[in-house]
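Open the model in your viewer and keep the selection panel at hand. The stops below say what to select and what is there.

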Amino acid sequence: MKKIILNILILVFVFGSQQAFSQNAISGNVTDDGNEGLPGVSIIIKDSSQGTLTDVDGNFNLSVPDNNAVLVFSYIGFESQELTVGNQTSFNISMRPDIAQLEEIVVVGYGTQRKRDITGAVSVVDAEEMAKSQFVSITDRLQGRVAGVSVNTTGEPGVKGDIKIRGTAFFGDNNPLFVIDGILTDDSPNLNPNDIESIQVLKDASSAAIYGSRAANGVVVITTKKGTSGTPRITFSSTAGLSSLTRTIDVMNSAEYARISNGASDYSGSARQDETDVLTGIDTDWQQEVFQDNALFQDVNVSIQAGGEKSKVYFSLNNTYQEGVIKGPLFDRVGTRLNTEYTVIKGLTIGQNLTISRARNSGEPNLKGSGGIGNRPVISNTISMLPIIPVLDPSKTNGYGHGVPGVATSFGFNPIGIQEVTRNQRENTRVLGNLYLDYEIIEGLNYYFSAGVNSTFFHNKNWQKGGQIRMTTTHQSGLTEARGESRETFIENRLTYRKSIGDHRFTAMATYTEQDLLASSQETIITGGFDAAVPFFQISATTAPPNQIISSGFEDIATIRSILGRFTYSFADRYLFTANIRRDGNSKFSEGNRWGTFPSISAGWNLTNESFFNVAAISNLKLRVGYGQVGNASLDNFRFQQLIRTASIGGVNYNLGPSSTQVIGATAGDIVNRDIRWEILKETNIGLDLALFDGQLEFIGDIYFGKLEDLLTEVPIPISAGFGGQPTVNAVSMDRNGWEIAMTYRKITGDFQFAITANAFHTNNEVTALPFGVNEFPGTNSISRIGIPLGQLYTPIYEGIYTQGEIDALDPTFTINGAPPLAGDAKYRDINGRDDETGELTPGADGSVSFDDDRALVGNPIPDVQYGLNFSATYKNFDATIFFQGVAGRDAYNSIYDNLNTNLSSNFTSNFNPANLGGTDPNFDAGGFENGNMWNSTRFIENGGYLRLKNLQIGYTIPWDKVSNLRVYVSGQNLFTITDFNGLDPEFSGSVFAPGVDPIGFPNVRILSTGFSLTF
Amino acid sequence: MKKIYKRILPLSMIFCLLACADLDLVNPNAATEDSFWQTEQDLYQGVIATYDYLQATFDEGSYGLELRVFPQLLSDEGTNEAPWEFNDLARFVQDDLNMFGNIYTGGYRMIGRAYQVIDRAEGISGSQVLRLVAEAKFFVALGYYNLLTGFGDRIPFVDRIQGADEKPMPATAGQLWAMIETYLTDAIPALPLASEVGVLDYGRISKGSAQTLLAKIYLQQGNYTAAEPLLAAVVNSGQYQLLADFSENFRETDQVNPEAVFHVNFLHNGIEGETDNSAHWRFNSPSEIKGHYGDVQSTNFVLNSFLQELDADGNQDPRMDRTLFWEGSSLLMYGLTHAGWISAAEPANPDVNHGYYKYNESEFVGSSQDALRSDGGIDFLVWRYADVLLLYAETLNQNGNTAAAYQYVDEVRVRSNMSPLSVVAPGLSQADFLQQIKHERLMELAGEGIRWFDQKRWGDYGPSASGDHFIPSTGTSVAGDPNFNDPITGKGFTVGQDELFAIPQNELDLNPNLIQNPGY
């Protein structure tokens, strides 16, 4: 026992070396079927963790305990081979391609399955290709890789993209569950994607059901890298590049702006702005001033993989640094990982996975408190700011140019001013890891125990100097500082039993697991009192009494307890059957609704293994069908409890006595629905796996039909209830269905080898029930109604501008927005009359166009198809990867053009005022909004499809015998985009109820980089 | 087999060692509705929360703003001459059927908070419980009194704590009036006299507050008989008296005001983030300058009514400059003369002529400072003793006892150096006495939001309000508020509709049991 403890200590602290246990030395060479040496082949001594890898020429050396040792040779893409050592000391092994990779082991949650036994919709991500991506988060690197998984990335440093598996399901949160080495969590920019060994995506309800109540958005199962037996591998890799915006918006210069502004003023008879009437020579290109095209990107990784007979260790160190294409935003991650495993005695393994990382982010300002400037996005202010305003203007209070009423009317914040007077920094320290034990009690029966922790410590700070960077608005100095931590702990106990009797194979698994959350945070908000000359902003550094000080604290606790099990059965590898069940109890719900049961069953039929099946070209043909129920609960803890509202500040207090002394009151807070329950997805999946020509061509297709029931949404309550708030109610139902196709073609022999992988998918939904009394949910320029998909674009239909001839031909009583249109005014289709007594619009033109009454369903933001296409090839020492991603058949609302062209106090993209200026866009109404020319309409709806070269990488492996591998490469990300969309980025991610409306976020950026990786 | 047991046994130990996490967690941030209401102190805090609603502003409309601005604007004492959103409202044009949503919300919020006390008091014992429940019942009655006057009888019938999914039926005619009469009848015996409330509790409901409310509820239904004993009880209680100086009522004195029958405490410069201040003064200004909104101005009808009668010394009614801020005003408002306000208005608005001086905050805001915060600190007297005296006089008159009514009018007039009515107009008929009372109430209470209730209960809430108003004591007539009848522009009072507010459209959307008021 002492020895074991000692060995564990050595294992953990010294990375135990394999030489200590070696006895007999053997060596050999591994080749492929073309007699080329195969590097990186894993050679493991069976029933041990001892082994090695072949070097660049396919050679290996290994020590074996005795002659009875069985060597297992395995390499992805080749069939595994087993060989008893016997008296041989030298081995020449030829590996046979196994293109179908049928023996591949897939992690399916709480255990593994052979890929050939899978009966649900489980996608295995090509981790090697994914590793070529320059994105810093796992989520972003999944983009375009998996049929059914859509990711919208952004160029904002350290901000992960928006990911949806099989489309929108829930209104609260559509992030899938991430399971990292068995720990249930979310993705985070803190995690280093270079640590990933494999990723599987559990897409359908039948396979995700093992994660029960947290699985309805799909599950991403990640296994991080482990140590390898044999010669230690030390890999050092580094990439550095520069990023820039892919496009800018073509706005007017001063002369063009003045022409339109003056024309609009003259036309309406109002006074011209002073600085457009007489141009002062100022012509600011704000985008040029703000966007920088040499933002640094840097990624450095060091990893060590080592191992011996009983121990394996993986260690990594990562630093990722990314600047934004605007000044300010920044991401800086330092991450480490240590994964170790130790075989104590035969059948008993213990190990740990641990990552500790710190991510620093600088972002855009978001200063709370009265008098602060709040969240003022630099990018949208940059685009809309007038060219007639200078960046710096000594005549202004703080020296920053800004609007002046009637002179240069702009409500924009000077974007350079925002960057210079505000700072925002966030720091997250993350600890994620587990300790585990795996014990084979009797043959086939394993007990697995794991205890894990997932902690985040954060410290956010925002501050700003006081002053003025906007027309008629002075802002105060201020500081917001928040700190907190969140700690989740997990315990898992699992029993797995495997048994084969003849052609019958069974596995049974039962698990008890529980999870506790404890989080707390504190925040202080101070406005006023800071002196801009004092170079540090600390809570204590005010030099005058602050205007406001708010200090608050919050704690969160939650518990989840689960029992779950899986049973699989297969007969002769022909008939496959899997059943999962999970029962989750969650403190989020009231006692009666706390527990939910999530079952699934699925079956598969391997036709190729039937005796009657005899098609030479088809090497694998499997039909799969599955049904499952999974849950979701994207809502805060304790939402079922009506809380008592009582506080000394902002509470329900009264003042008594003639001099008004405060007395603290208490009353029930916002009204709640005590009966909230799990949201449920019930889904049927039918799939087909097909491999042709010895697996060179593989095809996986799935179709699915799902019903989302009891979706949680907030609904307004009658005012007569006497409470504020909107209770969360399980009230919406939706159908969701779609299809997914993934295809791979590989040529892996000869000098020129290549692989083409492609995927395409489509997800649709339809709202089938909404809460009592509500028949539609509005969103920005969008609507969700029973019978149609969520968030359809909904605006008046723009039909160009009126000519004088058309005006003359109009019925004189015809009005738009209550007034008869004039030549040059916008023309909209008259669709409906007014509301009837039941509140429904009466159909048919009524000679009067109004914004509320004449909107129609004018666009579908759900893409017809989303796709990814990856081509990778090697020729001798060269390798190349070309990766495209795209979306087709989708309508998008160009919010930037809308914002720019529907008010006079921003710059424009359009050509206005036909009456006076010969343009093609509606006349500007300088006097107000009386004629509807400024309406949001189909004028701003564009084809939102795009095809984007996401990644291009060309590498060269330098043959150098001092190292096992040295590769250099150049890489480009987002090199070009083909799209008709005129906004900054067609790859925007809209909100749930307005998915087709560009929220004007941070656009994707182009990164050009070079790098190398070196393995010893 | 034995071997297996030996191996499994230690495993079962591991299972047992794990403490099973509890799913029944106690919220670490706040007490819950189920755990809170246990003691008399909890009920007291619940009552305080109901008082808190008196101060509410904006979308939670109460005496912090809406219950002062809207009744003024929609009666013949207030108008809006600036070309902004309240201009139409003062002329009975409502484009938005949610226009009165804030008042509606405020009423039901007050009622909702009060029912938490009433319903949760079951099973809680203590010496103060009866009083606390009585206070809560007063608030239910006050909330409904305001709602019924504004929205009519067909508002949702709510008589307990509401759940998230309740869609109450509209009350039947008189149903809620009857209910709140019962509530107040129950509450009055449990409430202390004003003198028993204690200085530190100044602001809490007294017996007189509840008696006055019940009397007002009867009067709003035209029931003078039932109102008389209640008003008599207040007048004869010896608990209240008129201040020597009328204008002291509208200042922050930090003194107990014996004229306050029911008032709302406000605090200037209180804790930031607390709703302990009023926005009233910011909305009541002659024009929109210096951060004031100029949303409510006084009508010419009020101005001209003041000019009809001089005081006992032959001077202008001393209440006039303390009530109105007008061309002839001798006082400054925020450091500016009336002419200063007009010239400072940009763009110059010739229609803006006079506003209410009552409850202005010049003493806090000072002259040079702009009104950047809605931080009014002057306590708002919802009902003053002068109001009660005049109501009592009116009630005696209507009940056929005109002679006995004179003394109470005189008391109010003499305080402000006006000759006693018994001297200037003795022996008025019942009808003329009522007409005189209407004038007296306007002179005493203009700008306090009382007029709207008065017009409604007198049946004067309609086009007739734009006609001439006869004053028996002077024998003169004053032209009424033209906003009530403006056929030229198509604006003005619509008979059959504007007697009642529109029930908010979003409420009708959410509760299909309700029906909109006529005309909307």
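Start in chain B of this predicted model by selecting residues 385–398, which are helix H17, and residues 430–445, which are helix H20. The axes of these two helices come within 10 Å and cross at roughly 170°. Angles over 145 degrees count as roughly antiparallel, so H17(B) and H20(B) are roughly antiparallel to each other. Now show the side chains. From H17(B), the contact uses Ala386(B), Asp387(B), Leu390(B), Ala393(B), Glu394(B), Asn397(B) and Gln398(B). Facing them from H20(B) are Gln430(B), Phe433(B), Leu434(B), Ile437(B), Glu440(B), Arg441(B), Glu444(B) and Leu445(B). Colour this contact by class and you get 7 nonpolar, 3 polar and 5 charged residues.

Stay in chain B and select helix H8, residues 175–187, together with helix H10, residues 207–220. At what angle do their axes cross? The angle is roughly 155°, and the axes come within 10 Å. H8(B) and H10(B) are therefore roughly antiparallel to each other, and H8(B) passes H10(B) in a left-handed crossing. On the H8(B) side, look for Trp177(B), Ile180(B), Glu181(B), Leu184(B) and Ala187(B). On the H10(B) side, look for Ala210(B), Leu213(B), Leu214(B) and Ile217(B). By class, this contact has 8 nonpolar residues, no polar ones and 1 charged residue.

The next pair in chain B is helix H4, residues 66–73, and helix H6, residues 101–120. Their axes are 10 Å apart and the packing angle is about 135°. H4(B) and H6(B) are therefore oblique to each other. Here, too, the crossing is left-handed as H4(B) passes H6(B). Select Glu66(B), Leu67(B) and Phe70(B) in H4(B), then Asn102(B), Ile103(B) and Gly106(B) in H6(B), which they meet. This contact is made up of 3 nonpolar, 2 polar and 1 charged residues.

The mean for chain B is 89, and 90% of its residues reach 70 or more.

Now show both chains and select where they touch. The contact takes 54 residues from chain A and 64 residues from chain B. Which strand gives the most to the side of chain A that touches chain B? Strand S30(A) does, with 7 residues. S30 covers residues 548–571 of chain A, and other strands that each supply at least two residues to this side include S24 (422–442), S25 (445–464), S28 (478–501) and S29 (504–527). By class, the side of chain A that touches chain B has 29 nonpolar, 20 polar and 5 charged residues. For the whole model, the scores are ipTM 0.92 and pTM 0.83.

Next, select Pro796(A), which is found in strand S44 of chain A, residues 792–796. Is Pro796(A) buried or exposed? It counts as buried because it has 26 C-beta neighbours inside 10 Å. Leaving aside neighbours within four places in sequence, Pro796(A) is in contact with Tyr828(A), Phe851(A), Asp854(A), Arg855(A), Trp935(A) and Ser937(A). Then draw a distance from Pro796(A) to Ala451(A): C-alpha to C-alpha, they are 57 Å apart in space, and in sequence they are 345 residues apart.

Finish by colouring chain A by pLDDT. Its mean is 88, and 94% of its residues reach 70 or more. Over residues 1–22 of chain A, the pLDDT is below 50. Beyond near neighbours in sequence, this stretch has 25 contacts in the model.

Definitions and conventions: Residues are numbered from 1 along each chain as its sequence is written. Chains are lettered from A and ligands numbered from 1 in the order in which they are written. This is a predicted model: local features need pLDDT of at least 70, side-chain atom pairs count only at pLDDT 80 or more; totals for chains, interfaces and linings use all residues. pLDDT is the predictor's confidence in each residue, from 0 to 100. Two residues are in contact if their C-beta atoms, placed from the backbone, lie within 7 Å. Helices (H or I, at least four residues) and strands (E, at least two) are DSSP runs, numbered from the N terminus. Ala, Val, Leu, Ile, Met, Phe, Trp, Tyr, Cys and Pro count as nonpolar, Asp, Glu, Lys and Arg as charged, and the others, Gly among them, as polar. Axes are lines fitted to C-alpha atoms, for helices over the stretch in contact, and angles run from 0 to 180 degrees between N-to-C directions. Angles under 35 degrees count as roughly parallel, over 145 as roughly antiparallel, 65 to 115 as roughly perpendicular and the rest as oblique. A crossing is left-handed if the near helix is turned anticlockwise from the far one by less than a right angle, and right-handed if clockwise. A residue is buried if 20 or more other C-beta atoms lie within 10 Å of its own, exposed if 12 or fewer, and partly exposed in between; C-beta atoms are placed from the backbone.
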